[in-house]
Each structure stands twice: as C-alpha cells, then as structure tokens.
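Trainee: I would like to learn how to read a model like this one. Please take me through it feature by feature.

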Amino acid sequence: MTKNNTVVVYTDGACSGNPGPGGWGSVLLFNGHRRELSGGEKETTNNRMEMMAVIKALEVLSRPCDVVIHTDSTYVMKGMTEWLGQWKRRNWKTAAKKPVKNVELWQELEQAISRHSVSWKWVKGHSGVPENERADELAREAIPLT
C-alpha cells in the first residue's frame, strides 16, 4: 500500500462496440484505504472512457496530492506526456493539421491534473495486475445496457 501523500490510481475504459455504449473504472489506493469509482455513457468510444476514468479519479481528490496513475491506455499516457504540448502550440491540431479528437476531454484532464503532481505508469492490460483487473471489471460492469 501507499504511504504519506501519494495516491496510487488504476484506471480502465471499456466499450461494447467502438463507438457504442461504454464504461470506465478507477481504483484509488491511499494509506491503506481503497476507493472504487465507475460510470458509463450510452454512446462513446473506448478512448473517451479511458480518459474519463483518469479525470473522475483525479476529481475526487480533495486536496493536492502526489498521484501515480497506472493505465493500459497508451493513448491517454502519451497524450498527456508527449502530445499535449504540441497540440496546444498548434491550436489543438495534430501534426497532420487535423483537429485533435476529444479536445474537450484533454482540456478537462489537463485541468484535473493541474493541482497534483502526477506520474504515469503503463501497465499491460489483462496481465493479472489485481487493481488493473478490478478497474477493467468496474468499467465493463458500468457499460449501460442498450
């Protein structure tokens, strides 16, 4: 478990069809405490659900924290650690001069991260990491029935 002011977060998103109904799940660990979050949308994409899992986890933190986010989404991780600055410099356009997809969620995620010290850890999906498996289960359970 974690000690001091560090919150460890595991996130995942899932979609039944892409696009289609989707869900997200987050597991937060802090000083021996555990909190699980989940939600879903009727029409969405897997990438949007991956982003929502991180956004919602950060939004429940009541004060600035050191946060370690574990995700199996290279889209979310690279978006925040490699692509975000370039997109902003290009007025939310890709290198190919096309609009960045999910721009409102990238902006929301950037805002949610701004008060925390965040580090990112990529975890291979469905590889037996208990908290990542639980985040996946929460995401799948949160997919709305059509």
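Trainee: Where does Pro19 lie?

Mentor: Pro19 lies in the loop between E1 and E2. Helices (H or I, at least four residues) and strands (E, at least two) are DSSP runs, numbered from the N terminus. Before we go on, note that this is a predicted model: local features need pLDDT of at least 70, side-chain atom pairs count only at pLDDT 80 or more, and totals for chains, interfaces and linings use all residues. Residues are numbered from 1 along each chain as its sequence is written, and side-chain values use heavy atoms, with hydrogens and water left out.

Trainee: What is the peptide bond from Asn18 to Pro19, cis or trans?

Mentor: Most residues other than glycine have a negative phi, and most peptide bonds are trans. The bond from Asn18 to Pro19 is cis, with omega near 10°.

Trainee: Which value does phi of Asn31 take, and where is the residue placed?

Mentor: Phi of Asn31 is near 45°, a positive value in a residue other than glycine. Asn31 sits in the loop between E2 and strand E3 (33-44). At 37% relative accessibility, Asn31 counts as partly exposed. The cut-offs: buried is under 20% relative accessible area, exposed is over 50%, and partly exposed is in between (1.4 Å probe, protein chains only).

Lys97 also has a positive phi, near 65°. Lys97 is in the loop between H2 and H3, and at 67% relative accessibility Lys97 counts as exposed.

Trainee: What does Lys98 touch?

Mentor: Contact means heavy atoms within 4.5 Å. Not counting residues up to four places away in sequence, Lys98 touches Trp92 and Lys93. Lys98 lies in the loop between H2 and H3 and is exposed, with a relative accessible area of 54%. For a sense of scale, Lys98 and Leu28 are 70 residues apart in sequence and 35 Å apart in space, C-alpha to C-alpha.

Trainee: Let us turn to the overall fold. How many helices and strands are there?

Mentor: The protein chain has four helices and five strands. Along the sequence, the pattern is β-β-β-α-β-α-α-β-α. The radius of gyration is 15 Å, close to the 15 Å that the globule rule gives for 146 residues, so the chain is as compact as a globular protein of that length. That radius is taken over C-alpha atoms, and the rule is 2.2 Å times the number of residues to the power 0.38. Buried residues make up 46% of the 146 residues. Of the contacts with a separation of 6 or more, 67% come from residues 24 or more positions apart.

Trainee: Which residues have the most contacts inside the largest nonpolar core?

Mentor: In soluble globular proteins, nonpolar side chains tend to be buried together. A nonpolar core is a set of buried Ala, Val, Leu, Ile, Met, Phe, Trp, Tyr and Cys residues joined through side-chain atoms within 4.5 Å. The largest one here has 30 residues, and those with the most contacts inside it are Leu58, Trp106 and Leu109. H1 gives the most to this core, with eight residues. Leu109 touches Val54, Ile55, Leu58, Val76 and Met80, not counting residues up to four places away in sequence. A second, separate core of six residues includes Val8, Val27, Ala135 and Leu138.

Trainee: Which residues of H3 are buried?

Mentor: In helix H3 (residues 103-113), they are Leu105, Trp106, Leu109, Ala112 and Ile113. Seen down the axis of H3, they fall within an arc of 125°, so they line one face of the helix. The arc is that of the directions from the helix axis to the C-beta atoms. Their cover includes helix H1 (46-59), helix H2 (74-89) and strand E5 (117-122).

Trainee: How many aromatic pairs are found?

Mentor: Rings of Phe, Tyr and Trp (its six-membered ring) pair if their centres lie within 6.5 Å; planes under 30 degrees apart count as stacked, over 60 as edge-to-face and the rest as tilted. A search of the whole structure finds five pairs. The rings of Trp83 and Trp87 have their centres 5.7 Å apart and their planes at 50°, so the pair is tilted. Trp83 and Trp87 are four residues apart in helix H2, separated by about one helical turn. Trp83 is partly exposed at 28% relative accessibility, whereas Trp87 is buried at 8%. Tyr75, Trp83, Trp87, Trp92 and Trp106 form one aromatic cluster.
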